[in-house]
Amino acid sequence: MPKPVRKVVFPVAGLGTRFLPATKAIPKEMLPLVDRPLLQHAVEEARAAGIEDFVFVTGRSKRAIEDHFDADTELNRTLEERGKMDALEEVRGSEIAPGRCFYTRQQVPLGLGHAVWCARAVIGNDPFAIVLPDDFVQAETPCLKQMVEAYEEVGGNIVAVVDVPREHTSRYGILDVEKDDGRLATVRGLVEKPKPEEAPSTLSIIGRYILQPEIFDHLERQQRGAGNEIQLTDAMAKLIGSQPFHGLRFEGTRFDCGDKVGFIEATLAHALKRPDMADKVRDMLRKYC
């Protein structure tokens, strides 16, 4: 059996420039899908996958993230005194237990690989997951839980993948596939943002990863790649051949919440899945469609 995955890294140091001015004072990851911030959805997905330790790679002006996952004793007491037990339960559900929540800063925006490297001291020699909150995945079985189940079968490194139109390959890390059973694809190479005519496939990596700690040996070299940034994809490619590496076609729908329209679509999709809101949201949509 491979060593269990019990740690997760959330790279949340970005400036959120596509959502300015909303993100001038509020971290992009704290924008709400209905009544939970994007980042809380990501934390809940990780919890459902058996994650115990949560590592947030933050930047300046991200204190709201720390406060959100902390216990607010005054708020909890006030809700309890007023008999608002449902609200109290929701608030307590956002808290992360003491000693299970870690924060480290990425002082310079040098790319996703650099952000993950900033978590190396907390991860140590353990396998770990990475969740990008911008990618919201709606699924009966949470996406990361599906990945952990696949990891328990094959070990090594696993990335969540979706098929994208060939003209969009230049936006993503793309798999070069050795064999594919329709669920798990064995990876023989990775290419960061290839031109459509040069892409080895249309299988694109989304914001879910399970990686072995040897990734830090390659990130430590601080080699620049596409966009003059330290690319996680480049470091992952160096693990292929020495460790198993697979892409998982997960069951579910991925929404790109780093895009304004994608964020609106994710909000609607999430609201329509909630029994307390679905009918009212459908009635509202008929007024505009």
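The second largest pocket is lined by 21 residues. Nearest its centre are His41, Phe136, Val137, Gln138 and Ala139. This is a predicted model, where local features need pLDDT of at least 70, side-chain atom pairs count only at pLDDT 80 or more, and totals for chains, interfaces and linings use all residues. Residues are numbered from 1 along each chain as its sequence is written, and side-chain values use heavy atoms, with hydrogens and water left out.

A word on terms. A pocket, on a 1 Å grid over the protein atoms alone, is an open set of points where a 1.4 Å probe fits, with protein on both sides within 12 Å along at least five of seven lines; lining residues have an atom within 4 Å of a point.

Back to that second pocket. Two elements give two or more residues to its lining: α1 (38-48) and β7 (135-138). Helices (H or I, at least four residues) and strands (E, at least two) are DSSP runs, numbered from the N terminus. α1 gives the most, six residues. The volume is about 470 Å³, meaning the space filled by probe spheres set on the points, which are joined across faces, edges and corners.

Now the largest pocket. Its space is about 1600 Å³. It has 45 lining residues, with Arg18, Lys28, Leu112, Leu132 and Asp134 nearest the centre. Elements giving two or more residues are α5 (112-117), β11 (203-211), α9 (232-237) and β13 (253-256). The largest share, four residues, is from β11.

Ala, Val, Leu, Ile, Met, Phe, Trp, Tyr, Cys and Pro count as nonpolar, Asp, Glu, Lys and Arg as charged, and the others, Gly among them, as polar. The largest pocket is lined by 18 nonpolar, 13 polar and 14 charged residues.
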